[in-house]
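Here is a short report on one structure. Take a look at the model before reading on.

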Amino acid sequence: MAVMTKKQYIDSLRKMTPTAYMFGEKIDNVVDNPRIRAGIEATAATYEIAEDPAKQDLILTQSPLINEPVNRFTLPPASIEDLVARVKINRTLGRYVGTCHQRCTGLDCLSALSIVTYDIDQKHNTDYFARFQRFLAHVQKGDLTCNAGVTDVKGDRSKAPHTQQDPDMYLRIVEKRSDGIVVRGAKSHQTGSLSSHEIIVLPTRALRPGDEDYAVAFAIPSDTPGLIHVVGRSSLDTREIDGCDVGNARYSKYCPTVLFDNVFVPWDRVFMCGEVEFAVDMVVKFSAFHRQSHGGCKSGKIDCMTGAAVTMMDLNGTQKASHLKQKVVDMIHRSETLYGCSLAASYEGRRQPSGTYFIDTVLANASKIHEGREMAEATRLMIDIAGGFVADLPSDRDIQNPEIGGLLKKYLKGAEGAPVEDRIKMYRLVEKMAMESADTISDIHGGGSPEAHRVTILRECDLENRTQAAKRLAGIDS
C-alpha cells in the first residue's frame, strides 16, 4: 500500500541531505534540530492520523492513477467528494496540531498542475500533462510530502519580472540544455520546505510577452544541489531550541526562504516552460485551492483557541461569567462560518477538461477574506478571556528555580482545586497561538495578500447576473 507511517516518514527525511541555514549557522541534521523538528512533527501528523482506524476513511482513498490506496494529500480532487474531504481533513488536522501542518500547499500545487498542464498541451501540443502524471505517480507511490514554491521575492513591485534591475527577483530560466533547464531566483515564505521531499515551483503572478523565462513550473527533490533553505526568524522561535516555554508541547511552524543558486531541473520534471499566457491560470488555480485549504485548517485552529479559552475560564474560576460565555459563542460562530464557506466552495466545484475538479473561486476567496479578518478577532477574544498573563508569564525556568519557584506557584494559582501547573501550561499555549508571527501573519497573507482576494472576487464574480436581477425587479428593460 502506497501509504507511509509516521516513523517511515521521519526515517525518509533522515535519508535526505538538504542544504540549510538558521541563525547564521549551517544545519547538518535538520530532523533532530529542535526548532525544525517541531515543524516536521506537524507534517508527521498527516501520516499519523492515516494510521488511526477512526480517521482512515477520511484521509485514505483509492488512487485512479496507480490503483492503490493513497493519502489524500497526494490526490488531486476527482470529485465533489474529494473537494469536501480536503476541507474536512484540514479542519481535523488544524484542531489536532493547533498550527500549520505544512502539507496542504503541496496538494494545492498538484491540483493546479493537474488542470493547467492539460490545458497547455491542448493549445501547444506539448507533453506536460504526461510528465506531470508520471511525477504524480511517483509522489503517490512514495506517499511524499510536497512544498509549494510559489511566492517570489518580487523586487520592485512596480515593474514586470523582465524589467527588474536585477532579473533574478523572480525565479527564472537562465539556461536551456538538451537534458533540462537551469534556474535561478528565490522563493519566500516556504513553510515546511525542510519537512518536504519535493519542492514544486509555480509562477507567482500573471505574466506577459517578454516574461517567457519566468513562465516556468517544475518539481525537484528538496535536497537538490544548489537549493538552499534559510530558515526565517519569527517571534517565540528560540523556545524550541531552549526547551522551555514552548506553549504548544508538540508542534510548531517554520518558514524558510529558499534560494535557487543555478539549480538544474531535468526535462521530465518541467511542467511549463515559456507559455506566459498560462501563468495566470496556474496562479489562480493554486491560489483558489490554497484559500479553500485555509478555510479548513484555520477553522480547526480556532477550535483549539476556543478550547483553550474555555479551559482558561475553568482554571481562572470564570466559567460562569456570562459575558465570557458570549465571547466563546463569538469564537465558535467564526470557526463555523469559515468552515462553511470552504465547504460551499467545494460543493460548488466543477469538473475541468483534465478530469480534476476545481472549486468555486469566489467562495474560496470570500472564505480567505473572512479568515484574514476573523482570525484576528478570534485571537483577541481568546486573549480577552484568558487574561494578562498571556503577555508576561514568568519562565518555566523561574518556576522550576528552587529559590523562587515555590513562591511563583503560590501566586500563580487560579480557581480552587485547579492545578497551578495546568494553568501555566494553558497560558503558554494561548501565547503561542496568539503571538507566534510565523502562524498569525499567514492568517492574513497566506495564499496571497488580502487585496489579491478582493481582485479575484471582482474578476470571477458574475456581476452581470446580479445586475440583471436588480433591473428586473426595478422594472428596467435593458
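Gly192 touches Gln102, Asn147, Tyr254 and Pro256, neighbours within four places in sequence left aside; contact means heavy atoms within 4.5 Å. Gly192 sits in the loop between β7 and β8 (198-201). Its relative accessibility is 0%, so Gly192 counts as buried. Buried means under 20% relative accessible area, exposed over 50%, and partly exposed in between, with a 1.4 Å probe and protein chains only. Val246 is 54 residues from Gly192 in sequence and 19 Å away in space, C-alpha to C-alpha.

The model is predicted: local features need pLDDT of at least 70, side-chain atom pairs count only at pLDDT 80 or more, and totals for chains, interfaces and linings use all residues. Residues are numbered from 1 along each chain as its sequence is written, and side-chain values use heavy atoms, with hydrogens and water left out.

**The sheet**

Helices (H or I, at least four residues) and strands (E, at least two) are DSSP runs, numbered from the N terminus. Six strands form an open sheet with mixed pairing, in the order β2-β1-β10-β11-β7-β6. The edges are β2 (25-27) and β6 (172-176); each has a single partner strand, so one side of each lacks a neighbour in the sheet. On average, neighbouring strands are turned by 20° against each other, direction ignored. Strands count as paired if DSSP finds at least two bridges between them.

| Strand pair | Sense | Bridges |
|---|---|---|
| β1 (residues 19-22) and β2 | antiparallel | three |
| β6 and β7 | antiparallel | four |
| β7 and β11 (residues 256-266) | antiparallel | seven |

Individual partners can be named. Tyr21 stands opposite Lys26 in β2. Glu175 has Val182 in β7 as its bridge partner. Ala186 faces Leu259 in β11 as its opposite number. β6 and β7 form a hairpin, with three residues between them. Strand β7 (residues 180-187) is mostly covered, with seven of its eight residues buried.

**Helix α5 against α6**

How do the two helices cross? The axes of α5 (residues 104-124) and α6 (residues 128-142) come within 8 Å and cross at roughly 155°. Axes are lines fitted to C-alpha atoms, for helices over the stretch in contact, and angles run from 0 to 180 degrees between N-to-C directions. α5 and α6 are therefore roughly antiparallel. Angles under 35 degrees count as roughly parallel, over 145 as roughly antiparallel, 65 to 115 as roughly perpendicular and the rest as oblique. The crossing of α5 past α6 is left-handed: the near helix is turned anticlockwise from the far one by less than a right angle, whereas clockwise is right-handed.

The α5 side of the contact includes Leu110, Leu113 and Tyr118, and the α6 side includes Phe129, Phe132 and Phe135. By class, the residues of this contact are 11 nonpolar, two polar and one charged. Ala, Val, Leu, Ile, Met, Phe, Trp, Tyr, Cys and Pro count as nonpolar, Asp, Glu, Lys and Arg as charged, and the others, Gly among them, as polar.

**Helix α1 against α2**

α1 and α2 (residues 34-48) pack at about 135°, with axes 8 Å apart. They are therefore oblique to each other. α1 passes α2 in a right-handed crossing. Tyr9, Ile10 and Leu13 are among the α1 residues here, and Ile40, Ala44 and Tyr47 among those of α2. The contact has six nonpolar, one polar and five charged residues.

Lys7 also belongs to α1 (residues 6-14). Lys7 is exposed, at 60% relative accessible area. Lys7 and Ala44 lie 37 residues apart in sequence and 8.4 Å apart in space, C-alpha to C-alpha.
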